[in-house]
Amino acid sequence: MELFLRIMMIWRMLPMGLVMGAAGACALQADPPPEPPPEVPGIALTWSDCVRLAMKENPDLQASREGVIDSDAVRMGAYAALYPQISASFNDTRGYRGANLYSPYVYSTAYGEQLSVSQMIFNGFLTKGNIDQARAQLNLAFANLNGEKATVSYNLKAAFAQLLYAQKLIKISRDVIDIRESNARLVRLLYEGGSEDRGNMELSQANLDQAYYNLDQAVRTRDLSGVQLGVYIGKNLPAPVLAEGELQTDVLPVLPDFNKLALLTPAYFQHKAQVDAAAAGITIAQSGWYPTVTADASATRTDSQFPLKNHGWSAGFALSYPIFQGGATYFDVKAAGASLRQALDSLRSGTNDAALTLAQMFKNMVDQEDNVRIQKELLDATGLRYKIAEADYRNGLMSFEDFNTITDDYVGQQQALLSAQLSAVLAEAGWEEARGLGAIP
């Protein structure tokens, strides 16, 4: 019985061998397919190039930097009340009085010069509250800038990784076309030799058409990724844009203390600055309970002609105390206290949220790193299975259905590994953004 099976197998393989031999002879005589022209990139960027350009061109970063300059100017302006206020004035007054029964008309001219100095001595700690509040707003602007840097760094890294992914997907798609072309050629030869049916031949051709479609889609994805990278850089880039680098991540850190890391995030410093501003708001509101003390001095010269001969001076101080303002100060203090308690609750809630986000991002990063390792093992296994299956199918030891399934697994696993590598890079970028870190210094 075993001898009979061997004879039948050899008999089945004989037509296929003849057909393959004929096809080989034809292939030797045919001209090789023309090579596609090399693609000339509009611009090729490394990761360092992207960071350098984004630091200079990104509009969100520029807006955040201007916010810091604005807040710093407001803070410096708050100190103005601590210094004397000096003003100088000059007036030229012309007068006319019409004539009547008792006096003729009169024209008059008067010139005057005055130099005034005033100094706020005490205003119920209002100036101190304004300074503290302006300083808190500056700290908030710095925290917003750091948060924006982390966000821009994440977006930039994600766009750069997406472009690398699209480029590698193009390469994989071309390799898949080679596989599908080889399989379609083999199935057609078997069909022409009478050992395969037409449905399997058409399915192998459809798989090849699908591979060409996937290649076109990958090219469009690359072009879109180049546009996206230009948006996050803040500059229009000539197409096609190519990225130079690899989809790889750094070594995983040890399990950190997420509660401690949360105290170093931009979100924490944003809420902390809001607490400081609210505390300064209480000082400002309570200034209405205190008196206001000012001192001033002035010197004047007047006359009807130059040089001005009439001169004088005055100096003094003033004290004012609000006795009743309709309860405005009371309600201002009450509102400021509520704002402070609200800011403290937001600080506690924001810190807890930051710790939770850090834990989630760390878990996702570790999961994606492990997934890359698993997908590499699966690719090695499916690649070996495909090689064995191709030889078995070529020798008639495997059905088309099994061979096609194994081929699909191998093709799909190449894309699965690439997707896992992209997800790992994005997860690492998300972890850096949650910590307020990134490539933007």
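Figure 1. A cavity here is a set of points on a 1 Å grid over the protein atoms alone where a 1.4 Å probe fits but cannot get out; grid points are joined across faces, edges and corners, and a volume is the space filled by probe spheres set on the points. The largest cavity has a volume of about 50 Å³. Its lining (residues with an atom within 4 Å of a point) consists of Arg-180, Asn-183, Ala-184, Ser-204, Asn-207, Phe-400, Phe-403 and Asn-404. Helix 4 (126-192), helix 5 (198-233) and helix 9 (400-435) each give two or more residues to this lining. Helices (H or I, at least four residues) and strands (E, at least two) are DSSP runs, numbered from the N terminus. By class, the lining has three nonpolar, four polar and one charged residues, where Ala, Val, Leu, Ile, Met, Phe, Trp, Tyr, Cys and Pro count as nonpolar, Asp, Glu, Lys and Arg as charged, and the others, Gly among them, as polar.

**Figure 2. Helix 2 against helix 5.** The axes of helix 2 (residues 47-57) and helix 5 come within 8 Å and cross at roughly 50 degrees. Axes are lines fitted to C-alpha atoms, for helices over the stretch in contact, and angles run from 0 to 180 degrees between N-to-C directions. Helix 2 is therefore oblique to helix 5 (under 35 degrees is roughly parallel, over 145 roughly antiparallel, 65 to 115 roughly perpendicular, the rest oblique). Cys-50, Leu-53, Ala-54 and Glu-57 of helix 2 make the contact with Leu-229, Tyr-232 and Ile-233 of helix 5; contact means heavy atoms within 4.5 Å. These residues divide into six nonpolar, no polar and one charged.

**Figure 3. The aromatic pair of Trp-47 and Phe-160.** Trp-47 in helix 2 and Phe-160 in helix 4 are 113 residues apart. Their rings form a tilted pair, 5.6 Å centre to centre, with 50 degrees between the planes. Rings of Phe, Tyr and Trp (its six-membered ring) pair if their centres lie within 6.5 Å; planes under 30 degrees apart count as stacked, over 60 as edge-to-face and the rest as tilted.

**Figure 4. Backbone at Pro-240 and Phe-125.** A cis peptide bond, with omega about -5 degrees, joins Ala-239 and Pro-240. Phe-125, not a glycine, has a positive phi of about 65 degrees.

**Notes.** Residues are numbered from 1 along each chain as its sequence is written. In this predicted model local features need pLDDT of at least 70, side-chain atom pairs count only at pLDDT 80 or more, and totals for chains, interfaces and linings use all residues, while side-chain values use heavy atoms, with hydrogens and water left out.

Methods:
1 Å grid on protein atoms, 1.4 Å probe; cavity = no way out; pocket = protein on both sides within 12 Å on 5 of 7 lines; lining within 4 Å.
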